[in-house]
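Trainee: I would like to learn to read a structure step by step. Please show it to me, and begin with a term that I shall need.

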Amino acid sequence: MKDAPFPVQTGTTSAFALVLVAAAMFGTVPYFALSLTQSGMAPSAVAFYRYLIAALIFLPAFWRARHAWRVLLWGVGTGMCMSLGWLGYVSALKVIPVSTAGVIYMSYPIFTLIIGWLFWAERPTRRAVVAAGLVLAAAGLATGVARIGIDQLVWVAAAFAAPLGFGFGITVLVHKLTGVPAMARISAVSLGSVFGLAPLIMALEVEQMIPQNTQSWAWVAGIALVTATVPQLIYTYFAPMIGSARTATAGSIELPTMFVIGWLAFGETIGPAQWAACGLILLSVLLVQARVTRPFFGRAATEKTKV
């Protein structure tokens with residue numbers, strides 16, 4: 001069974017507001033991830049818990065689409081790749097500032113353009129190239145003013161693994177996963193992420209894998225529900241109502257959300273350069289061409305917007 005095409009709709013104020021809330025929920029990832037790693041949980045366990053609940057909740061949709069097993073295998077394989085990328089991002093959060101990691105995290109449109117061009121022969125538009133340049137400038141600005149030491153450069157590289165995985169996921173979603181319902185896509189990728197992280201989980205000590213107190217269990221619930229499952233559902237149902245352009249605009253609130261979390265929760269100083277980098281990211285969102293606004297983590301495919 002294939003998804004029925006999404007109608008192009010202007011959307012409503014309430015739908016846009018809900019998508020805005022969902023985007024802000026996605027932006028709280030650093031709070032839960034960094035809190036868990038600081039409490040002693042391994043980054044691989046943090047990533048595992050984030051994907052696990054979504055994989056279980058959407059499992060019935062995966063089972064109903066089992067006849068399209070070749071398509072689902074693409075989703076599972078993509079999830080395995082994306083989980084390792086997100087693992088690098090969580091590991092980097094322990095070392096580099098949340099604001100810097102946030103700007104790097106939002107650089108996935110660059111990788112989407114490059115991968116789409118190299119592997120799927122998608123020629124990017126002029127505006128898309130300009131937007132990618134703005135993202136690159138923002139990443140350079142954020143990392144350049146964050147007092148990143150030579151010994152931390154490897155963690156900067158690790159942080160880029162997440163947007164690389166997201167970019168790959170977007171192209172697979174567009175080219176390979178349109179033959180199954182949206183919930184089945186989410187389940188396939190979430191299951192792949194769980195499978196990809198399972199060997200790393202098995203190698204951990206118990207205290208690195210299992211939350212040791214009530215607060216840690218609350219953070220686990222938060223990273224699974226607040227940053228994944230609930231916003232996934234909101235995007236799946238409401239993003240098609242407002243279209244890809246407005247969804248992308250709403251999604252840009254993720255970065256300032258990360259900035260505020262770094263400031264309030266972890267005492268980071270957000271200076272003019274970081275806000276300038278944030279502004280460049282927001283400007284790039286308004287320019288970039290998109291078929292989807294984020295792979296699999298709830299942002300359903302909407303109509304193609306030509307820019």
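Mentor: A crossing is left-handed if the near helix is turned anticlockwise from the far one by less than a right angle, and right-handed if clockwise. The model is predicted, so local features need pLDDT of at least 70 and side-chain atom pairs count only at pLDDT 80 or more, while totals for chains, interfaces and linings use all residues. Residues are numbered from 1 along each chain as its sequence is written, and side-chain values use heavy atoms, with hydrogens and water left out.

Trainee: How many helices and how many strands are there in the chain?

Mentor: Both are DSSP runs, numbered from the N terminus: helices are H or I with at least four residues, strands are E with at least two. By this rule the chain holds 15 helices, and its number of strands is 0.

Trainee: What percentage of the residues of the chain count as buried?

Mentor: Buried means under 20% relative accessible area, exposed over 50%, and partly exposed in between (1.4 Å probe, protein chains only). Among the 307 residues of the chain, the buried share is 56%.

Trainee: What percentage of the contacts in the chain with a separation of 6 or more is due to residues 24 or more positions apart?

Mentor: A contact means heavy atoms within 4.5 Å. Among contacts with a separation of 6 or more, the share from residues 24 or more positions apart is 87%.

Trainee: Is helix α3 largely enclosed by the rest of the structure or largely open, and which are its buried residues?

Mentor: The buried residues of α3 are P43, S44, A45, V46, A47, F48, Y49, R50, Y51, A54 and A55. They make up 11 of its 15 residues, so α3 is largely enclosed by the rest of the structure.

Trainee: Is the crossing of α3 and α11 left-handed or right-handed?

Mentor: Axes are lines fitted to C-alpha atoms, for helices over the stretch in contact, and angles run from 0 to 180 degrees between N-to-C directions. The axes of α3 and α11 (residues 182-202) come within 8 Å and cross at roughly 145°. Residues including F48, Y51 and L52 in α3 meet residues including S187, L191 and V194 in α11. The crossing of this pair is left-handed.

Trainee: Are α5 and α6 roughly parallel or roughly antiparallel to each other?

Mentor: W86, Y89 and L93 in α5 meet V98, A101, G102 and Y105 in α6, and the crossing is right-handed. The axes are 10 Å apart, at an angle of about 160°. Angles under 35 degrees count as roughly parallel, over 145 as roughly antiparallel, 65 to 115 as roughly perpendicular and the rest as oblique. The two helices are therefore roughly antiparallel.

Trainee: How are α14 and α15 oriented to each other, roughly parallel or roughly antiparallel?

Mentor: L255, P256 and F259 in α14 meet Q274, W275, C278 and I281 in α15, and α14 passes α15 in a right-handed crossing. The axes of α14 (residues 254-266) and α15 (residues 272-287) lie 9 Å apart at about 160°. The pair is therefore roughly antiparallel.

Trainee: Which residues is A92 in contact with, leaving aside its neighbours within four places in sequence?

Mentor: A92 lies in α5 (residues 69-93) and is buried, with a relative accessible area of 0%. Beyond those neighbours, A92 is in contact with W155 and A159.

Trainee: How far apart in space are I223 and F32, C-alpha to C-alpha?

Mentor: I223 is placed in helix α13 (residues 214-251) and counts as buried, at 0% relative accessibility. Not counting residues up to four places away, I223 touches F32, A33, L36, V46, R50, W86 and A228. I223 and F32 are 191 residues apart in sequence, yet their C-alpha distance is 5.6 Å.
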